[in-house]
Amino acid sequence: MQQEQIQWEANVWYLERLHLGKHRIDESKSLISISFMEVKEIQNREILQAYMKYELGITGQAVSTIVRRFVCIRNFIELLEQEKILAIHATVAEVKKYADGLRERGIQAKGFNERIFGIGHFYKFMEVKQYITRMPFRIEYFQQKEVIVHHDRSVEETVYMEILKKLYLFPERLRCMFLHLWCLGLRASEVCTLKGNAYYQQGEDYWIQVYQVKMKNYKRIPIPQALYQIMKVYLKKHEIQPEEFIFKNSRGGACLYGTFRTQMIEACRENKIANGEYLFQSHDYRHTVATMFYDSHVSLQSIRDYLGHTYEEMTRQYIDYMPQRIAKANDEFFEMQGSSLASWLKKEEKDIIYFSDFPNLQETGTRKDNGKFDLTLLPTQELKEEFRGYIMYRCKNGTFRALIQDRTAYNHIAKFLNSRINRRIKSLGDRNPEKWISLLKGWMLEQGITIVKEKKSVYGTVSYGEAVTILYFRNVLKFLGPEDLRDEIEKDVWELKNLDIKIRSNPIYNVKTLDFRKIYQPDIREECKKAVYMNLQYEAIGTVQGELTIMRIFSEYLQKEYSKIKSCSEIDREVLEEFLIHLSTKDTSHSANSSYVISLRRQLETIGKIYSYERLEHLFINTDIPPEVNAEFRVYSDDEMKRLNAEITQMDVQIARCLLIHQMLGTRISDTLTLRPDCLTRENGQDMIEIYQVKTKRYKKPISKELAKLLQSSIEYTQEKFGDTEYIFVNEKEPDRPMQYMAIKTKVMSMIQEKQLKDDHGELFGFGTHMFRHYYGVKLTEMHLDDWTIARLLGHKRLNNVQHYRKMSNQRMADETREVRQRMSDIIYMSLARWGEEYEQIRQDD
């Protein structure tokens, strides 16, 4: 009988009793339970149970991932118990013995690293929970380098054609399931878990909606009409309801992958596919579909989306015979240019890469002889091939201007690689990246080439960074480096697109990564990652960035003042107070201190909850949070607005429209940049606009005819140039995204610098889009409108925000007190009679 309370102390856990989210479970797999009975020592079993309780109850990872890791850990513990060693007493020697055993069994690098990482994860858990004081080994000492080897797995045409020809001999269910593999390249788990509502027609096309267990999201892809029609018949015939699994097991659940594969192997054998020698592998058909698409000139991006990949590098692994296709494409390209590959070889120019051979790099005017990369400058063939790969990548994706800069850096590096210190070097892989950079810097200094570059911001401030040549070499080394196959949350720089979380972001800011590298303590870094991952599920990315910023500041402080602290578990009240004093007394602006302390509190308390560091949950008191330093509320004067707008109207037409509309609407800049093409309406003869507020909600407000006309011009401009888009003001390089705030800021500040545009105080204007909102709000107060109306027009939820705009303008106060002040003046004048002659003159002049 199922019990209400989960029995975590049981020796066998039945997954159905753990109430796990369905999105974490692959229903095509036969995993029913997790057994701890193989672990004989009670202490080892209890620790392993605690670990699995944490993994299943908190992490949110897919159950299959957790169970794979669990099996590795359990196997390791079993080996320890054979040697009469408890898990808490294991040393690096036992881990080395285990690793040696994996190598003897011929475990490949990927599987080897997964096992070592799993055991490391378990010991990190024990350290956090204080079963042990420190991990007994460092994972990186055992990690093997993973070399990605491409295996051509596409099913031969003769084989799948024979299957299709004999498919009528297969059971009905297998026919339909096979077609989903061959037509769509679905994962077998996706085919097994399809539901009756998966298929639909939209316009002239037919579509399928598939839940990707591995990616934890849905994808929608077009399907052949025939498959659609077949499945409509199948669904009707078997009376399958929208929420039912199409291909069921004996209990009515999803068909198990193991059953499907066994039945397909048997059917292929019975029907003598490839003379009975063909071994069915469902995953081969993903390669087959990808390769067929690629052969038909489908873009790599479309293939990526069709297969449901996150990034193109993975998709490339699915396209078979790619080297042959690249070679063929090169031949065709050069023939199209009027010169075959053979003629290039005759000219001995096979190692010359010309800018003009790439459409995105062709400039108007005549081709210059130096518009090229000369690979003959490199001393070895290995180096030529390494740089060829990176240069070709840059040529396909870069701009002409960027490639000119690249070429200068490349020529410097070619000279460096020919220098005496590199005479025995065959490949960039012969040294680690930091050694290469160190040697390059030394060589540049010897040659009198600067290793720093002066950078000037849009505000005119100067900073310094690495020279272009060094940055270029870093990018080459990174491009050639091994792909990091760890889970995203295990890396020190997270690509947000690779996380299995829907990121709550403001579309006008281009936030792509979170960087943990400047959290210097490894343990604190890992603790911080866990907290950030959790907070990302509930907080906006901007809020999380603030938490990460204060953790970097805190980490730097700990490194300098408390170097022995390695984990957040060691942070006490004394350390916190010293840091807060440091924050409030350091020689920088304190305007962010309040938000810093709040963010630090939120981050440390989250870490405390995750790792059960009870001290962290009670570390702060309310008085630790300093009062907010209110920024000065400034507003442009009428003259300043005139000077600004005179120059704004001379800028790019759409940017000028955007800024003028922003002023006239009085919205936040995020609200202006995310205006929709259908935002304009008319109600009772009045032009209205609907605004989607990124910060709060959407609302409507009336606008003038002039503003409506300006908006309509902006909409027509975008539609004519980019077609149908989600936003009026779009990013020209990525029209599916809104115009980016930083792009506008850079252009406006460049204009201010160029024109030397100054405010009423003789200072160069800054860029404050919110100042336009202030100006709009002040004008509303000067119209003597009530607070409720002003709040509605500004899109504020609360009336108390209006007071700030009233404070910026004293006009209403002046108007309302005028009569009283006049009466008081009259009284004063009368008292001046005996104040002396000069005062009498005042009264007389009145």
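In the predicted model, E690 stands opposite K700 of strand β14. Strand β14 comprises residues 698–702 and pairs with strand β13, residues 686–692, in the antiparallel sense. Five bridges make up this pairing.

A helical pair was examined next. Helix α20, spanning residues 522–536, packs with helix α21, spanning residues 541–561, at an angle of about 165°. The axes of α20 and α21 are 10 Å apart. Because angles over 145 degrees count as roughly antiparallel, α20 is described as roughly antiparallel to α21. The crossing of these two helices, α20 and α21, is right-handed. On the α20 side, the contact is formed by I524, C528, V532, N535 and L536; on the α21 side, I541, V544, E547, L548, M551 and L558 take part. By class, nine residues in the contact of α20 with α21 are nonpolar, one is polar and one is charged.

E547, one of the α21 residues that meet α20, is also in contact with S599. S599 lies in helix α23, which covers residues 593–611. The relative accessibility of S599 is 8%, and the residue therefore counts as buried, the cut-off being under 20%. When neighbours within four places in sequence are left aside, S599 is in contact with G546 and I550 as well as with E547.

Technical notes: Residues numbered from 1 in each chain as written. Predicted model: local features only at pLDDT ≥ 70, side-chain atom pairs only at ≥ 80, totals over all residues. Heavy atoms only, no water. Axes fitted to C-alpha atoms, helices over the stretch in contact; angles between N-to-C directions. Helix = DSSP H or I, 4+ residues; strand = E, 2+ residues; numbered from the N terminus. Parallel < 35°, antiparallel > 145°, perpendicular 65-115°, else oblique. Left-handed = near helix turned anticlockwise from the far one by under 90°. Contact = heavy atoms within 4.5 Å. Nonpolar A, V, L, I, M, F, W, Y, C, P; charged D, E, K, R; others polar. Buried < 20%, exposed > 50% of the residue type's maximum accessible area, 1.4 Å probe, protein only. Pairing = 2+ DSSP bridges.
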